[in-house]
Amino acid sequence: MTDAPDLVCRDLVKEFDQFRAVDHVSFEVPQGSFFSILGPSGCGKTTLLRMIAGFQAPSDGELLIKGKSMIGVPPNKRPVSMVFQHLALFPTMNIGDNVGFGLRQRGVNRTDIKKRVEEVLARVGLPGTSGRRVDQLSGGQRQRVAIARCMILEPDLLLLDEPLGALDLKLREHMKLELKALQHEFGTTFVYITHDQSEALVMSDNVAVMNHGRFEQIGSPHDIYYKPATAFVAGFVGDANRFSARVKGSSEESLILETEAGSTMEVEAKMADLNVGQHAQVFLRPEAIELAKSKEQITGNSNVTSGTVTSVLFNGANSMVALRETGSGATLNVALPQTGAFSDLSEGDEIFASWHPTKARCYPGDGA
Amino acid sequence: MSRDASKLGFYLLLAPLLLWLVLLIILPHIGLFVVSVSEKVGVREYEIGLGNYAAFFTEPLYWRTFARTAIMSILATGLTLILGFPIAYYIAKLTKGRTKTTLFLMCMIPFWVSELVRTYGWMILLRESGVFSSFLQYVGLASGPVEMLYNDAAIMVGLVYTSILFMVVPLVTTLDSLDDSLIEAGYDLGGSSFSILREIVIPHAMPGIVSGCIVVFMLSLGNYLTPILLGGKDSLWFTGMIYTQFITRFNWELGSAFGFLLLALSSVLVFVGLKLSRQSLSGTMGR
């Protein structure tokens, strides 16, 4: 056990003919942690992962695995394994040969390979399947075989390229938990890329949000969700009501903003360095808004507004209502409290909404 | 009504194939078989018997030529595979778009010319007064004219050249369908280029390899023009022997027996090849 992080990237750059896919990305992944790179498609995350695996050479920057530079090291010489997007199990081999492939390349003798294949298959919960063909397994089982095939080599780093993308929703939910459990069981460092925020938030110790080849923010899932560093992160991770506004006044503690639609709101001043007259973008999570039947029931929240329910989107625990603000006509999405207190709301009802200034996130810019 | 019409359409579409099979393949073969089991006992007098087949086994020249044809064809098939595989791999995996189409087309262009013309092309290159011989004399590597025609190597060159397209096409098709991520996964798991070729690429390409080999083997075995023109009168190719029996010696009975032996030989070798490579005929040809 060394203190050196398993993976260090410093100012990593990848340029293609026309554009820069990865733009000065720097990060460290500590040993044994689950690190996710979250970003919309085309943000450069696959390119970044392929550079770590060794399929693409960085144009500039440093890439260290276990403290050793990996620049110029071919993929078959790196202590890294990768689970491919479509798993890339070899269809011409059975499960045992698939899992044993890496050991055969290392020249391990047959009996040892057989023993270790059985061991690793048992660890991923598929004992005794080594004689089966790849197409005899279900999607989730193949997933586990793909992981077993990598883990048998005991890599320093396991890279996962959106491996859950091809699964159906129910299985995906299940595999999220299973992947996290497998990571815990093997204790290997996982680097996971995805465009699905819930995968990243559920499984990761740390998440990096990537956009246009740059990292917008690196932090724990909690920080990413509750303290997004940039407007992009606030908009990309989780749902949010988004307002374009202009600063009307400021005090020590708070900023007074006026939205384009014409309503005023108060937010905490330390959120952003803004002066009077500047444009700002405000993000407000649906669950940060409290509903009340009458104005008297609202206590402690300084932003109060009223509105008409335009639609109720029932989705079990994640049900929402859309309100049209009485004054400005702006739409506001509000999460229904899970206590079921407002389950009798229906279209056309008048209701009050309120939120605390600390709950909103505010960023400079006109939100173009 | 509509059912009758569709039935009629089905038979109309099937008719050319059936006519071709029955009139040009099955009927002549039945005729040939009848001729091959007739023994001439006097002028226009024939008896049914296996004497023609016995003649083949008792005369060493016949079955040695037969064996030689088979071995040379197998060799030619192997060489074609060794030469064709890298070409197909390059076209299928290492090129894209326009370059791919161009390269594929370049493989095909020689086949727009008749086989006879192509074979004469090789004769112009290889003969005593030909291009290679003159060049060797010009650079001083040979003191006199060099004859490169009329030997087994020349036959081999001709056979490989004539049939390489039929190897490259099925190989490109199967290699095209190999997912690049499988090759990447192989490297990622520590495989060397050689072990990836052996464990991933070749097993995947096996149907293409086998179907290419079957076609090339059949073409070589049944080739007449190339061995005769490039091998000269000593070429001793079994098809040449059949030709001699029919045309020169007017011994249709023995010629027919030879024809059937060649058919049996190719069928047996293809069957053995399929068994050895653990492929099925429908699996390789049905693609």
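1. Of the 287 residues in chain B, 29% count as buried. The model is a predicted one. In chain B, the C-alpha trace spans about 80 × 75 × 35 Å along its principal axes.

2. Chain B has 13 helices and 2 strands as its secondary structure. Take the contacts in chain B with a separation of 6 or more: 70% of them are accounted for by residues 24 or more positions apart.

3. One helix pair in chain B deserves a look. Helix α9 covers residues 193-221 of chain B, and helix α12 covers residues 252-277 of chain B. Their axes come within 11 Å and cross at roughly 165 degrees. Angles over 145 degrees count as roughly antiparallel, and α9(B) and α12(B) are therefore roughly antiparallel to each other. The crossing of α9(B) and α12(B) is right-handed.

4. Which residues meet where α9(B) and α12(B) touch? From α9(B) come B:M206, B:V210, B:C213, B:I214, B:F217, B:M218 and B:L221. From α12(B) come B:L262, B:S266, B:L269, B:V270, B:G273, B:L274 and B:S277. By class, this contact of α9(B) with α12(B) has 11 nonpolar and 3 polar residues, and no charged ones.

5. Next, the contact between the chains. Chain A gives 17 residues to the contact, and chain B gives 15 residues. On the side of chain A that touches chain B, β6 (80-83) and α2 (95-105) of chain A each supply at least two residues. The largest share of that side, 3 residues, comes from α2(A). By class, the residues on the side of chain A that touches chain B divide into 9 nonpolar, 6 polar and 2 charged.

6. Chain A also holds an open sheet. It is formed by 5 strands, in the order β15-β19-β16-β17-β18 (chain A), and the pairing is antiparallel. At the edges stand β15 (290-292) and β18 (331-335) of chain A. Each has a single partner strand, so one side of each is left without a neighbour in the sheet. From one strand to the next, the twist averages 45 degrees.

7. One pairing in chain A can be given in detail. Strand β16 (residues 303-313) of chain A and strand β17 (residues 320-325) of chain A run antiparallel and are joined by 6 bridges. Which residue in β17(A) is the bridge partner of A:T308? The partner is A:R324.

Methods: Residues are numbered from 1 along each chain as its sequence is written. Chains are lettered from A and ligands numbered from 1 in the order in which they are written. This is a predicted model: local features need pLDDT of at least 70, side-chain atom pairs count only at pLDDT 80 or more; totals for chains, interfaces and linings use all residues. Axes are lines fitted to C-alpha atoms, for helices over the stretch in contact, and angles run from 0 to 180 degrees between N-to-C directions. Helices (H or I, at least four residues) and strands (E, at least two) are DSSP runs, numbered from the N terminus. Angles under 35 degrees count as roughly parallel, over 145 as roughly antiparallel, 65 to 115 as roughly perpendicular and the rest as oblique. A crossing is left-handed if the near helix is turned anticlockwise from the far one by less than a right angle, and right-handed if clockwise. Two residues are in contact if their C-beta atoms, placed from the backbone, lie within 7 Å. Ala, Val, Leu, Ile, Met, Phe, Trp, Tyr, Cys and Pro count as nonpolar, Asp, Glu, Lys and Arg as charged, and the others, Gly among them, as polar. A residue is buried if 20 or more other C-beta atoms lie within 10 Å of its own, exposed if 12 or fewer, and partly exposed in between; C-beta atoms are placed from the backbone. Two strands pair if DSSP finds at least two bridges between them.
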